[in-house]
Amino acid sequence: MAILVNAVSPITSPSPESARKGCGFFSQVPNRHTLSRNKGFSRVLASTQITISPKYSVFSLPNWRSGKNDPRTRDLRLNDAFLYLEYMIGKGHKPDVGQATQLMYELCKSNKMRKSTKVMELMISSGTTPDPASCIFLVNNLCKKGNVGYAMQLVEKMEEFGCPTNTVTYNSLVRGLCMHGNLIQSLQFLDKFMKKGLVPNVFTYSFLLEAAYKERGADEAIRLLDEIVAKGGKPNLVSYNVLLTGLCKEGRTEEAIRFFRDLPSKGFSPNVVSYNILLRSLCYEGQWEKAKELLAEMDGGDRSPSIVTFNILIGSLALHGQTDQALQVLNDMERARFRATAASYNPIVARLCKEGKVDLVVKCLDQMMLRRCNPNEGTYNAIAVLCEEGKAQEALSIIQSLSNKQNSSTHDFYKVVITSLCRKGNTYPAFQLLYEMTKFGFVPDSYTYSSLIRGLCSEGMLDEAMEIFSIMEENDCRPDVDNFNALILGLCKCQKTDVSLMVFEMMVEKGYMPNETTYTIIVEGIAHQEEMELAAAVLRELYLRQVVGRSTLERLVMQYDLEGLPI
């Protein structure tokens with residue numbers, strides 16, 4: 001802990017000498033297997049022609065929708081609107097509810113979760129009552145991004161200021177906890193919200209059952225459902241579909257079929273979701289005859305085929321190398337008046353890439369674009385399969401073509417592609433493509449390097465992630481705090497908090513100023529290793545030294561149930 005607390009005083013900009021020290025950022029880090037945790041512890045305010053209204057009146061926000069529509073310019077306009085909102089509320093004015101809510105939505109869609117949360121908090125603190133639907137939207141998005149602590153904190157603030165919360169709001173939190181493998185905490189949280197007089201519904205049960213089968217297996221989920229029923233709970237077909245999914249995920253297809261056929265005896269008729277769950281399992285196992293029998297039963301009503309049904313057929317056929325049949329199903333889907341999405345095309349593209357059929361890949365992508373179906377992350381990862389087949393140049397040529405057809409900045413498009421690959425665990429193809437991109441003048445920036453660091457860490461290549469800093473230096477790209485944060489986070493996720501502390505020490509020694517995010521990552525890393533007393537002690541010291549704010553303190557205490565802290 002001494003490393004952390006001795007580093008929190010203000011640090012000046014690094015001297016030219018420290019900047020020159022250069023290579024081998026982590027040359028002094030000892031073997032990461034021998035370390036011990038215990039040893040190591042843009043714009044100014046929207047410049048404005050906007051007239052400021054009298055105090056306490058409602059004000060309008062600058063229009064962030066007008067002007068150029070490229071991502072960078074749009075982000076700057078969003079930031080201007082956010083800064084103006086923050087400034088005006090700080091002066092005692094109230095925002096226009098509709099505009100502030102829309103700003104929150106836009107920030108959410110741009111993946112700026114902290115700012116979107118801040119918008120909601122500012123609205124609440126100004127005495128404005130947000131629309132309940134917008135609160136649920138934000139809580140859901142925070143949970144999906146893994147920011148369950150922020151979501152819990154936001155709900156608490158809503159209640160503190162008298163904003164209405166209900167079962168739907170709390171279901172979002174239960175789902176968030178379940179999504180991130182916290183079944184026990186989810187059950188404890190369920191008890192808390194029942195004590196508030198809120199009644200769990202069928203969705204609550206479904207979230208808990210899904211967490212149960214993912215963490216402890218389908219048999220445990222079935223036991224949990226029996227317990228829910230015994231206590232008077234009334235699950236619906238959604239809950240039984242969750243159990244059906246659990247059995248299929250474990251490869252217990254025959255048991256899943258018996259469970260499926262037994263649904264009417266429990267008072268439920270299988271719907272299209274039930275059929276799709278079982279169909280996916282049969283198709284991916286290549287049990288085509290049984291799959292055909294099941295499809296024949298999907299003859300109307302609640303069990304009519306959906307776009308998901310078609311995508312299952314396309315994906316499984318492509319997986320088994322039957323791309324011609326997959327394309328035929330794609331055409332059948334269009335005739336059935338379902339609009340294909342990137343998810344429909346991606347499995348076919350991936351299979352054609354695996355077979356090295358570049359001309360057919362191009363033809364398939366041309367058809368996709370002709371049908372106004374824009375590529376997504378899955379498409380870029382599918383194209384990257386060409387790299388595995390020794391065709392990195394061809395892969396880049398296809399990516400360049402997609403960039404031109406979408407009229408996007410080549411540099412920004414390349415960044416998106418590299419980030420997409422790293423996020424999906426395709427870091428090696430990302431490096432292959434990056435090498436080819438540099439031949440055309442692409443210069444990776446800090447954001448791109450952070451993506452590579454995160455990708456390497458997620459694949460367990462920690463030494464290689466550290467080596468990125470030497471590569472950055474060789475290319476005259478000075479690392480920033482976000483690069484260090486990416487590495488520290490990656491190490492913590494790999495249960496290497498001891499190494500992350502050594503990296504933190506090196507960071508400080510080289511004159512880089514940690515920020516609140518840095519400290520938060522380390523505290524969370526300690527907590528994830530179930531060192532709760534140590535996490536609480538470190539957090540308390542950081543808070544007392546004013547490098548972690550009260551908001552962060554409250555969030556971490558709430559999320560990890562830390563004790564003995566001043567809240």
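Trainee: What does the accessible surface of the protein chain come to, and what share belongs to carbon and sulfur atoms?

Mentor: The accessible surface is about 27300 Å², and 50% of that belongs to carbon and sulfur atoms. Accessible areas come from the Shrake-Rupley method with a 1.4 Å probe, and for residues only the protein chains shown count as cover. This is a predicted model, in which local features need pLDDT of at least 70 and side-chain atom pairs count only at pLDDT 80 or more, while totals for chains, interfaces and linings use all residues. Residues are numbered from 1 along each chain as its sequence is written, and side-chain values use heavy atoms, with hydrogens and water left out.

Trainee: Why is leucine 85 called buried?

Mentor: A residue is buried when its relative accessible area is under 20%, exposed when over 50%, and partly exposed in between (1.4 Å probe, protein chains only). Leucine 85 has a relative accessible area of 0%, so leucine 85 is buried. Of the 567 residues in the protein chain, 49% are buried.

Trainee: Where does leucine 85 lie, and which residues is leucine 85 in contact with, leaving aside its neighbours within four places in sequence?

Mentor: Leucine 85 belongs to helix α3 (residues 71-90). Helices (H or I, at least four residues) and strands (E, at least two) are DSSP runs, numbered from the N terminus; the protein chain has 31 helices and two strands. Contact means heavy atoms within 4.5 Å. With neighbours within four places in sequence left aside, leucine 85 is in contact with Phe59, Leu61, Pro95, Ala100, Leu103, Val119 and Leu122. Its C-alpha atom is separated by 9.1 Å from that of proline 62, 23 residues apart along the chain.

Trainee: What makes threonine 169 count as buried?

Mentor: Its relative accessibility is 3%, and therefore threonine 169 counts as buried. Threonine 169 lies in helix α8 (residues 167-179) and touches Ile136, Val139 and Val155, not counting residues up to four places away in sequence.

Trainee: Why does leucine 278 count as buried?

Mentor: Leucine 278 counts as buried because its relative accessibility is 1%. Helix α14 (residues 272-284) holds leucine 278. Not counting residues up to four places away in sequence, leucine 278 touches Cys248, Thr253, Ala256, Ile257, Phe260 and Leu294.

Trainee: How many disulfides are there?

Mentor: A disulfide is a pair of cysteine sulfur atoms within 2.5 Å, and by this rule the count is zero. Cysteine 364 is in no disulfide, as the nearest cysteine sulfur, that of cysteine 353, is 9.1 Å away. Cysteine 364 counts as buried because its relative accessibility is 6%.

Trainee: What lines the second largest pocket?

Mentor: On a 1 Å grid over the protein atoms alone, a pocket is an open set of points where a 1.4 Å probe fits, with protein on both sides within 12 Å along at least five of seven lines; lining residues have an atom within 4 Å of a point. The second largest pocket has 18 lining residues, and Leu187, Leu190, Glu227, Ile228 and Lys231 lie nearest its centre. The elements that give two or more residues to this lining are α9 (183-195), α10 (202-216) and α11 (218-230).

Trainee: How many residues of each class are in the lining of the second largest pocket?

Mentor: Ala, Val, Leu, Ile, Met, Phe, Trp, Tyr, Cys and Pro count as nonpolar, Asp, Glu, Lys and Arg as charged, and the others, Gly among them, as polar. By class, the lining has ten nonpolar, two polar and six charged residues.
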